[in-house]
Amino acid sequence: MAEVTREAILQALENVRRSDNGQDVVSLGMITGVVVRDGNVGFAIEVEASEGAASEPLRQACEAAVDAIPGVLSVTAVLTAERAAQSGAQAADQAPPPGGAAQAGLPESRSIPGIAAIVAVASGKGGVGKSTTAVNLAVALAADGVRVGLLDCDVYGPSIPRLMRLSGKPDVVGDSHLSPMENYDVKCMSIGFLVEEDTPMIWRGPMVMSALEQMLKGVRWGELDILLCDLPPGTGDAQLTMAQNVPLTGAVVVSTPQDIALMDVRRGIAMFEKVDVPVFGIVENMSYFLCPHCGERSEIFAHGGARETAARLGVDFLGEIPLDGDIRATSDVGEPIVLAQPESAHTAAYRGIARRVLEQCRAAQDGAERQAPNIVMM
Ligand code: ADP
């Protein structure tokens with residue numbers, strides 16, 4: 001197969017012109033970050049922040065131009081724009097009202113065909129075990145016969161490929177859609193499958209949404225009962241945009257019991273409430289320590305804080321997972337504990353939480369059906 005070169009890509013892009021001034025995107029210096037790997041091409045198109053949504057046809061034209069080069073297997077073009085960084089609190093305060101998506105040029109659809117429920121797994125800060133929880137919940141659901149997908153929304157530090165022991169590239173099917181990668185009966189998609197692990201990526205607001213949009217809608221997920229979305233940690237701009245624009249059925253917030261983390265949890269819950277996404281509940285991770293030698297249980301942090309916080313904030317407490325070396329060790333080798341130790345108490349805890357999440361999805365769906373307007377024939 002012909003090798004695809006950077007020069008060939010830029011040459012193809014010289015034929016793409018802006019509609020307003022007729023100049024080509026290469027001469028205007030709009031194309032950056034061209035990466036080519038085995039015929040899979042990625043690049044960014046720099047636009048003014050104000051032009052973000054209006055540039056979608058230009059983005060598509062760029063993709064089409066590169067797609068036509070012999071040897072190109074897939075093309076991912078993303079729009080990027082400089083955008084002032086916002087703190088999480090500011091971002092949450094400035095959240096546009098629900099339904100503002102259309103105004104921002106983003107899809108207004110609240111569902112994705114074939115996917116019955118989309119659930120975010122979120123945390124107020126990093127390192128609380130959010131991804132570990134998402135992976136074990138996904139595997140637990142699959143073990144119950146649920147058709148489950150797992151979308152790694154963390155474009156800054158994707159960890160799903162490692163945690164699900166997946167490598168390689170997704171297949172391109174049909175009209176440049178991607179096939180999800182699959183392991184342990186869970187269909188997965190992550191930016192980690194698409195870019196080099198050591199490629200430094202600078203993601204700006206619109207670029208993140210554009211990549212996410214493609215991972216949601218440009219992937220042949222097939223029929224899914226539930227798609228779990230592992231959100232990046234925190235409550236900043238990126239998380240807010242995702243919470244607002246991914247058609248979420250609900251959210252699960254993971255926390256450790258420390259007070260500070262719980263403060264972050266409150267912010268996380270407030271973020272989802274602001275954009276009208278129901279919070280299904282809180283999972284307390286690294287809840288207590290079970291000594292592997294004597295089996296004694298020690299409350300290392302102020303255990304129970306998440307349960308209290310949940311009660312105070314009026315959301316469900318979904319369950320607690322101990323701090324356990326085996327959970328970390330199994331995660332590290334990409335074999336979630338739910339599979340590695342199916343009879344363990346930890347697995348029972350994850351499976352209990354998974355069932356509660358599924359119940360909440362069904363309740364939310366039933367509620368949505370009840371609210372559907374009656375059509376009266378006249
Ligand atoms: P996050 O997604 O919140 O950043 P990770 O899921 O990557 O966090 O977990 C951070 C680290 O903590 C990983 O090394 C993981 O294996 C470990 N970890 C997560 N949950 C537990 C647990 N319950 N017991 C022990 N280690 C855990």
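Me: What does the side chain of S123 reach?
Reply: The S123 side chain comes to 2.8 Å from the backbone oxygen of K125. That falls under polar contacts, meaning a pair of N or O atoms within 3.5 Å; within protein, one must be able to donate a hydrogen and the other to accept it, and residues adjacent in sequence count only if both atoms are side-chain atoms. Please note that the model is predicted: local features need pLDDT of at least 70, side-chain atom pairs count only at pLDDT 80 or more, and totals for chains, interfaces and linings use all residues. Residues are numbered from 1 along each chain as its sequence is written, and side-chain values use heavy atoms, with hydrogens and water left out.

Me: Is S123 buried or exposed?
Reply: S123 has a relative accessible area of 3%, so it is buried. Buried means under 20% relative accessible area, exposed over 50%, and partly exposed in between (1.4 Å probe, protein chains only).

Me: And where does S123 lie?
Reply: S123 belongs to strand 4, residues 118-123. Helices (H or I, at least four residues) and strands (E, at least two) are DSSP runs, numbered from the N terminus.

Me: Which residues is S123 in contact with, leaving aside neighbours within four places in sequence?
Reply: They are V128, K130, P233, G234 and V254. Contact means heavy atoms within 4.5 Å.

Me: Let us move to the ligand. Which residues come nearest to the ligand?
Reply: G127, K130, S131, T132 and P322 do, out of 16 residues around the ligand. A residue is near a molecule or strand if one of its heavy atoms lies within 4 Å of it.

Me: How much of the ligand's accessible area does the protein cover?
Reply: The ligand has 560 Å² of accessible area on its own, and the protein covers 81% of it. Accessible areas come from the Shrake-Rupley method with a 1.4 Å probe; for residues, only the protein chains shown count as cover.

Me: Which elements supply at least two residues each of the shell around the ligand?
Reply: Helix 4 (130-143), helix 10 (325-332), strand 12 (279-290) and strand 14 (317-323) do.

Me: Now strand 9. Why is strand 9 largely enclosed?
Reply: Strand 9 (residues 186-190) is largely enclosed by the rest of the structure because four of its five residues are buried.

Me: In which sense do strand 5 and strand 9 pair, parallel or antiparallel?
Reply: Strand 5 (residues 148-152) pairs with strand 9 in the parallel sense, over five bridges, and L151 has M189 as its bridge partner. Two strands pair if DSSP finds at least two bridges between them. Strand 8 (residues 181-183) runs antiparallel to strand 9, joined by three bridges, with N183 opposite V186.

Me: What about the hairpin of strand 8 and strand 9: which residue takes a positive phi?
Reply: Y184 does, near 50°, and the hairpin has two residues between the strands.

Me: Last topic: where does I353 lie?
Reply: I353 is in helix 12, residues 345-371. Its relative accessibility is 0%, so I353 counts as buried. Beyond four places in sequence, I353 touches L137, V283, L318, G319, E320 and I321.
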